[in-house]
Number of protein chains: 4
Amino acid sequence: MSDNTVFKLLGRRLRLAVIGGGPGSFIGAMHRQAARLDDRYELVAAALSSDPERSRAAGQGIGVAQDRCYPSGQALIDAEAQRPDGAEVVAIMTPNDSHYSFAMQALERGLDVICDKPMTNTLQEAEALHARVQATGLVFCLTHNYTGYPMVRQAKAMVMDGQLGEIRLVQVEYVQGGRAKAGPGRRAWKEDPARGGPSLVMGDIGTHAHNLLRFITGLEVAQVAAEVGSIVPDRVTHDYAGAMLRMSNGARGSFWVTQAAAGVENGLRIRVSGSLGSIEWHQEHPQVLQFKPLDAPAQVRTPNGPGTLPLAARASRIVAGHPEGFHEAFANLYTDAADAIAARRACQTADPLSLYFPNATDGLQGIRFVAAAVASSQQQGAWTAL
Amino acid sequence: MSDNTVFKLLGRRLRLAVIGGGPGSFIGAMHRQAARLDDRYELVAAALSSDPERSRAAGQGIGVAQDRCYPSGQALIDAEAQRPDGAEVVAIMTPNDSHYSFAMQALERGLDVICDKPMTNTLQEAEALHARVQATGLVFCLTHNYTGYPMVRQAKAMVMDGQLGEIRLVQVEYVQGGRAKAGPGRRAWKEDPARGGPSLVMGDIGTHAHNLLRFITGLEVAQVAAEVGSIVPDRVTHDYAGAMLRMSNGARGSFWVTQAAAGVENGLRIRVSGSLGSIEWHQEHPQVLQFKPLDAPAQVRTPNGPGTLPLAARASRIVAGHPEGFHEAFANLYTDAADAIAARRACQTADPLSLYFPNATDGLQGIRFVAAAVASSQQQGAWTAL
Amino acid sequence: MSDNTVFKLLGRRLRLAVIGGGPGSFIGAMHRQAARLDDRYELVAAALSSDPERSRAAGQGIGVAQDRCYPSGQALIDAEAQRPDGAEVVAIMTPNDSHYSFAMQALERGLDVICDKPMTNTLQEAEALHARVQATGLVFCLTHNYTGYPMVRQAKAMVMDGQLGEIRLVQVEYVQGGRAKAGPGRRAWKEDPARGGPSLVMGDIGTHAHNLLRFITGLEVAQVAAEVGSIVPDRVTHDYAGAMLRMSNGARGSFWVTQAAAGVENGLRIRVSGSLGSIEWHQEHPQVLQFKPLDAPAQVRTPNGPGTLPLAARASRIVAGHPEGFHEAFANLYTDAADAIAARRACQTADPLSLYFPNATDGLQGIRFVAAAVASSQQQGAWTAL
Amino acid sequence: MSDNTVFKLLGRRLRLAVIGGGPGSFIGAMHRQAARLDDRYELVAAALSSDPERSRAAGQGIGVAQDRCYPSGQALIDAEAQRPDGAEVVAIMTPNDSHYSFAMQALERGLDVICDKPMTNTLQEAEALHARVQATGLVFCLTHNYTGYPMVRQAKAMVMDGQLGEIRLVQVEYVQGGRAKAGPGRRAWKEDPARGGPSLVMGDIGTHAHNLLRFITGLEVAQVAAEVGSIVPDRVTHDYAGAMLRMSNGARGSFWVTQAAAGVENGLRIRVSGSLGSIEWHQEHPQVLQFKPLDAPAQVRTPNGPGTLPLAARASRIVAGHPEGFHEAFANLYTDAADAIAARRACQTADPLSLYFPNATDGLQGIRFVAAAVASSQQQGAWTAL
């Protein structure tokens, strides 16, 4: 990530606008830090609040010029699309139910889009948005940020390289504790299915787990048998899902997510076994990829350590032994997207290694998975095709 | 485990006979080492081979007198039951299909029994054996040895003590790699369903995972939705099972076992979450119990470390920081059973802490779980009550 | 780190110039990423090469305006000091032997300074620079970046809070493998004592280990008995140092650093024991702080987890379970320095929690430690006072 | 360890007597469990107390016949040496100051000896005992039990096999917390230098650390510069030692031991770096040997896992993934000694792999190391040859 491809191609940074992520939002700050880290973007416009005064104050607090602090996403898109020096990329980090609308508007105006996950709340919206992205040829980057970790990319690259052989078995889990107590969580909108989506746990973290599985293995979930529900008494929204998976190549899988495991922090973990070996990765120790080859000593792979493949090397900024974390993984998506956007705008071919960021197809598959899991659960765990 | 209760109650060791576990058997040596470690047993008789000459040679190789080396389990039971100084306890470590027959014969003769798992291959046999044990009042110890680890006992004791609150979520997995390659494994009889049972992976390790879950939580699996099968091409016996669980108190569970994860050693792992905290234990690092209480720093509990409860303290022979392993866990079952047997034979009340070894009820529940999982899998994953 | 104090105080970012860190320099990119992450700085000027043409090309590659790409650090300082919109802060990341000269020049011109470690190569320079910083009252931040990790700050805060009791024992080690092979390393100037300093291993990483020890414990090394030398045959510069320490409060210490441990990555590790408990931290897993209190279960502390003290909370941008790494630790120093600089320039009192970045006193103590260790080694390990 | 070599050679078990290790002694129970595990010994005589009545009661409590429960070690040796069926091996686990006397008496009577460490309290005694062992040709096994762990043996075997190249750097530490509080520990005799030896921490655990270092590397400590003393206020006996080492091949070393690190359990840890790679082993997770080869991915070696060398394979009873612990490591010494004793008594050549148990030479070297470290400390850390 050391050479600034955007400077090279465009002679300047990409102009970025943000919608959502106002004061107190952890994910808003994260997006902006991710955008800054590798210096491919200049933040030029923001819609941080629907109150004009608060939007202006908040925008100034993050260095945006007064006149480009907008009271709504729509106002931002409309105004920026008309400026000669307007934003070229829009990053959307609003509640789930507005992703679709803002993304569609941005695409209509020819703006490239970076969008928080889940892509949409409904399958219908997901399909429409996916189709629109395909039709426009614009860049659409969905921030399934865990795929940005160097060791996740190393895992994918090892699978692609055949080092695991034929994939036979997968297990993915995402265990959190933030909703272990009864009552609503920190963000009230999430508790409203109309805004937070049909299955809170599946939208929030189930889609991450599903995407991680697809990213590393290159396989699709073909069928799912699931139970989705709540383990905390008197809770309406989902805080738990378990599932069995049949993968597109016949491999079998186990899937388990919850936000109600008391005391647990952010336990996204994956295991993949193939005919030649197994790997294991755990988000809370992201710089470690365990590799257990058949009939040879177990290995501990680290970013930029011996055996690092190019896809992983690209995702690291630093020599081995210097841990990169969540921010750098998130930034890798922003930087990959920037390189793709700059190449498109410069009419150049993008570096193939920059094209592994999650896109609209990944987003659509995620929504399909949520829908299939919920449907299966409603039918007493019947195997359900995606 | 420091005081020898058997010496105290009987003034001597219990007389033990072993059936099975001849030369080359890893589990045979393990049973005998477990029996020796705490010095509650004297090995007096053995049926290690059906060939009289080999049985004698093998028996002498482990220190058994020539005239008490028998060519069959039945011959052993018949002869020892008639000797005034005959064996009082019979340990059975033969292939699965003969557990039932030897155990029933031993019980008929008034001998206490220690038996390898799975208890039987069929549910019918399991029910009959369970009923027989209940009727006789004899001790029946099933070697679900993982329940003997100090930190597994600590986990159970913490649950019983309410330290986890109401149990809401469980995950148990048992991942091995011994059958990752195509072809039969080391013990040919296992590949024959008539001898190895209806589901090899479920009998071999699924019952361990199920028992561990029941032991720690004190809950039963009420319903299971499962897929049981094979992930290695051209394999007839099962090497994989995944399941979703509904526990007797409404908690939800995830279950995942395989013997075909290339490069993995012996990954039995369990997580239990309650309203007040979560625990995690991994057999490959058995001296560690992670405890993550709600709203307090995560803890690492160790054998005889601060906070050790009596059930765990009993299971450890040594001060904190000195790892005990698989042998000691196995020996804990032998020693608990010995204390229960000696108490019964001395007409005394056994120490309540000695009565946590797996018994015929545990064995029966395990066979019921296997049957329900297989039935569910055959019905496309339908939720099946045990 | 969420509120941008610099915007609040100055209404804009601080203007930053960089000297050194040109193409291919890992530490140069790191400094600039650290400066960007929390958006307190605008990079306005650079001297990346002594060749005017290459300096311009490199500067443009990182987004610096043509006319502010200088062919030398001195040219940069002279020109920027005269501009009304000139740089206010100079970051120095040149080879060690020029730190002194550039830092002194910048201070003379009233510029605040961020400087790579070790502060200088000689004790004389260190004392002069330290005195100059004290006299000017300008901010001088030395990038002992490991003190920026949230869990290192938590460790310091716990010691300050008395949670470890009286400190009795410390152990610090820094084990790397980059120089395990014979021959020069990646940066040739380091092999030249005139440029790389009197003891390469001590300047490169020994000062980090020493600073970490002082930072966490709040104690000074009073006396050292050391052996400094080379373990790789035919090497002139030092690649190894071992030492025993007597701390200012009477605590005892062990110190061990090397760059020639084959296969090891970046093993900076510290243990501190007090009368009430012990802590352990390892840079390769920086989000973990082990805390072993006397007579209570061992704890695993994590950033923003339960028990986080304010000094650590300030150093984290994100909720628990989302690992921050080397970049964020480095950025914490830049951000702390920015807040102190902005407060000074706005004639405000800085947030006390922002004032824990390493400064000229820390730098001087580091050089004193190197000098004392080398002197002790030359006198056959005699105890030598700092 | 599966074949019982003693049965094969002698047709029976070795007759073992124990001196010391009475009720409440953790090490006494450990010795006896270690002797039982692999079934090479029959315990025939004991001197557990100097009070005849208590000796008899304690002896019976562990199954020793009344007439062979002796009121003193000397009485035991005298009587057993005269019986035709008398003990052949004497295991000594008394306070340190009596090791010498009992061992000498046993050797005089032609008995093989297993002795707790440290071998003696004084260098004079150590030299005399060492000479006596050499002269008699009897087996003398010193229970530096940590050398019995499979992964410690694997480490030694890898060094012998050249897999680490030329050894350049070692670090060994033994950190415990049992004496973190002021006041005497559990065993009062240890606080008396006449009984516990000239340096409690060095005798108790320093000799273990030193022996482990010598065992794995095959090198001797040539010179030591040390500080030995107390970090807990008002303590007379030593609870801390730090040292720098110069090894016999020129490698450098760091050594650090304490019994006063609050909250720490039993942290014996060693690192060895050679020209081709580094290894790390930690007693609290004994089934893991980290191996970091130069320029290849780091490995995690496990007992009986891929790459296991014969010396390690011999030390394990079980397939990979089934942890063996402290007991099995201790038992490995007993079993090795038994095989050597049986071979000697049967006038056979012992299996070379059985001859790696610590012996009188190791014991003498340990006492020399203690003496040199204490002398160095008294001379202000001067480099002192052993």
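This is a predicted model: local features need pLDDT of at least 70, side-chain atom pairs count only at pLDDT 80 or more; totals for chains, interfaces and linings use all residues.
Reader: Why are α2(B) and α11(B) called roughly perpendicular to each other?

Author: The axes of helix α2 (residues 26-37) of chain B and helix α11 (residues 326-345) of chain B cross at roughly 70° and come within 8 Å. Angles of 65 to 115 degrees count as roughly perpendicular, and the two helices are therefore described in that way. The crossing of α2(B) past α11(B) is right-handed.

Reader: Which residues make the contact, and what is its make-up by class?

Author: From α2(B) come Met30(B), Gln33(B), Ala34(B), Ala35(B) and Leu37(B), while α11(B) supplies His327(B), Glu328(B), Phe330(B), Ala331(B) and Tyr334(B). By class, 7 are nonpolar, 2 polar and 1 charged.

Reader: What makes Leu169(B) count as buried?

Author: A residue is buried if 20 or more other C-beta atoms lie within 10 Å of its own. Leu169(B) has 26 such neighbours, so it counts as buried. This residue belongs to strand β6 (residues 167-176) of chain B. Beyond residues up to four places away in sequence, Leu169(B) touches Ile231(A), Tyr240(A), Thr258(A) and Ala261(A), as well as Ala251(B), Arg252(B) and Ser273(B). Ala251(B) is 82 residues away in sequence, yet its C-alpha is 5.3 Å from that of Leu169(B).

Reader: Why is α11(C) described as largely enclosed by the rest of the structure?

Author: Of its 20 residues, 18 are buried, so the description applies to α11(C).

Reader: How does the reach of helix α11 of chain C compare with the expected value?

Author: Helix α11 (residues 326-345) of chain C reaches 29 Å from its first C-alpha to its last, close to the 28 Å expected at 1.5 Å a residue. Just after α11(C), Cys347(C) takes a positive phi of about 55°.

Definitions and conventions:
Residues are numbered from 1 along each chain as its sequence is written. Chains are lettered from A and ligands numbered from 1 in the order in which they are written. Axes are lines fitted to C-alpha atoms, for helices over the stretch in contact, and angles run from 0 to 180 degrees between N-to-C directions. Helices (H or I, at least four residues) and strands (E, at least two) are DSSP runs, numbered from the N terminus. Angles under 35 degrees count as roughly parallel, over 145 as roughly antiparallel, 65 to 115 as roughly perpendicular and the rest as oblique. A crossing is left-handed if the near helix is turned anticlockwise from the far one by less than a right angle, and right-handed if clockwise. Two residues are in contact if their C-beta atoms, placed from the backbone, lie within 7 Å. Ala, Val, Leu, Ile, Met, Phe, Trp, Tyr, Cys and Pro count as nonpolar, Asp, Glu, Lys and Arg as charged, and the others, Gly among them, as polar. The expected span of a helix is 1.5 Å times one less than its number of residues. A residue is buried if 20 or more other C-beta atoms lie within 10 Å of its own, exposed if 12 or fewer, and partly exposed in between; C-beta atoms are placed from the backbone.
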